[in-house]
Amino acid sequence: MNKVLKIVLGIIVSLYLILVVFTTAFLLNRNDYGVSKFLNKYLVIVDDDSLEPKYQKHSLLAIEAVDNDEIKIDEKVFFYDTYGTDHKIKLQEVTKKEKINENETTFTMKDNSLISSQYIIGTEDSTSELAAFGQFLYVVQSKWGFLFIVVFPLFLAFIYEVYAIYKEFKSKK
């Protein structure tokens, strides 16, 4: 029975460490707008209901970055809305596209706002949604969630190890 308990405990600790590493990488790879980017994918947690009904609040969206030339008229794109004090992610249809130079394109959206290509995340067609995983990451990446799910258990494990070392040294004397 003791051997089975050690195996189960080992699996739980391994899964927990994978969670900690993934969450830490997710948080360390954030850009100025709070969006994580891994390779060619942006990982966006929908934090409000502005993208409903298509995308639910707290869903995780994996948006593949696309080149400016690949974006077509009448295609929906995700972009950073930086007009207010809050940076939000919006989804709108492109109505016009104007190439400024080789690296810069300006897009006119359905509401007649002009968006520079540096604020474009990707197209709706290149997006996949992971609803349940987004809710979990939303909790873990929050200040209190990270504290109680990641930092506090690791602190307790550290304290236990210090206690075990102390106990070992005390028993040898």
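Before the sheets, I needed the rule for strand pairs: two strands pair if DSSP finds at least two bridges between them. Helices (H or I, at least four residues) and strands (E, at least two) are DSSP runs, numbered from the N terminus. I am working from a predicted model, where local features need pLDDT of at least 70, side-chain atom pairs count only at pLDDT 80 or more, and totals for chains, interfaces and linings use all residues. Residues are numbered from 1 along each chain as its sequence is written, and side-chain values use heavy atoms, with hydrogens and water left out.

**Entry 1**

I started with Leu43 and asked which residue is its bridge partner in E3. I found Ala62 there. E2 and strand E3 (residues 60-64) run antiparallel, and I noted five bridges joining them.

Next I traced the whole sheet. It is open, has four strands in the order E1-E2-E3-E9, and pairs antiparallel. Strand E1 (36-38) and strand E9 (127-130) are at the edges with a single partner strand each, so one side of each has no neighbour in the sheet. From one strand to the next, the twist averages 25°. For such angles, axes are lines fitted to C-alpha atoms, for helices over the stretch in contact, and angles run from 0 to 180 degrees between N-to-C directions.

**Entry 1**

I went through the pairs one at a time:

- Strand E4 (residues 76-81) pairs with E5 over six bridges, in the antiparallel sense. Val77 stands opposite Gln92 in E5, and a hairpin of six residues links E4 to E5.
- E5 pairs with strand E6 (residues 105-109) over five bridges, also antiparallel.
- E4 and E8 run antiparallel and are joined by three bridges. Phe79 stands opposite Ile120 in E8.

**Entry 2: the helices**

Two packed helices are described by the angle between their axes and the distance between the axes. At what angle do H1 and H2 pack? I got about 80° for helix H1 (residues 2-28) and helix H2 (residues 131-141), with the axes 11 Å apart. That makes H1 roughly perpendicular to H2; angles under 35 degrees count as roughly parallel, over 145 as roughly antiparallel, 65 to 115 as roughly perpendicular and the rest as oblique.

For contacts I used heavy atoms within 4.5 Å. Leu19, Phe22, Thr23, Phe26 and Leu27 in H1 touch Phe133, Phe136, Leu137, Val140 and Gln141 in H2. I sorted the residues of this contact into eight nonpolar, two polar and no charged. In that sorting, Ala, Val, Leu, Ile, Met, Phe, Trp, Tyr, Cys and Pro count as nonpolar, Asp, Glu, Lys and Arg as charged, and the others, Gly among them, as polar.

H2 also packs with helix H3 (residues 143-172), at about 85° and with the axes 4 Å apart. H2 and H3 are therefore roughly perpendicular to each other. In this contact, Val139, Val140 and Gln141 in H2 meet Lys143, Gly145, Phe146, Ile149 and Val150 in H3. I also saw that H2 lies across E2, E3 and E9, at about 70° to E9.

**Entry 3: the largest pocket**

Which residues lie nearest the centre of the largest pocket? I wrote down Tyr33, Gly34, Ile45, Asp47 and Gln141, out of 22 lining residues. Strand E2 (41-45), strand E5 (88-99) and H2 are the elements giving two or more residues to the lining. E2 gives the most, three. The lining divides into eleven nonpolar, five polar and six charged residues. A pocket, on a 1 Å grid over the protein atoms alone, is an open set of points where a 1.4 Å probe fits, with protein on both sides within 12 Å along at least five of seven lines; lining residues have an atom within 4 Å of a point.
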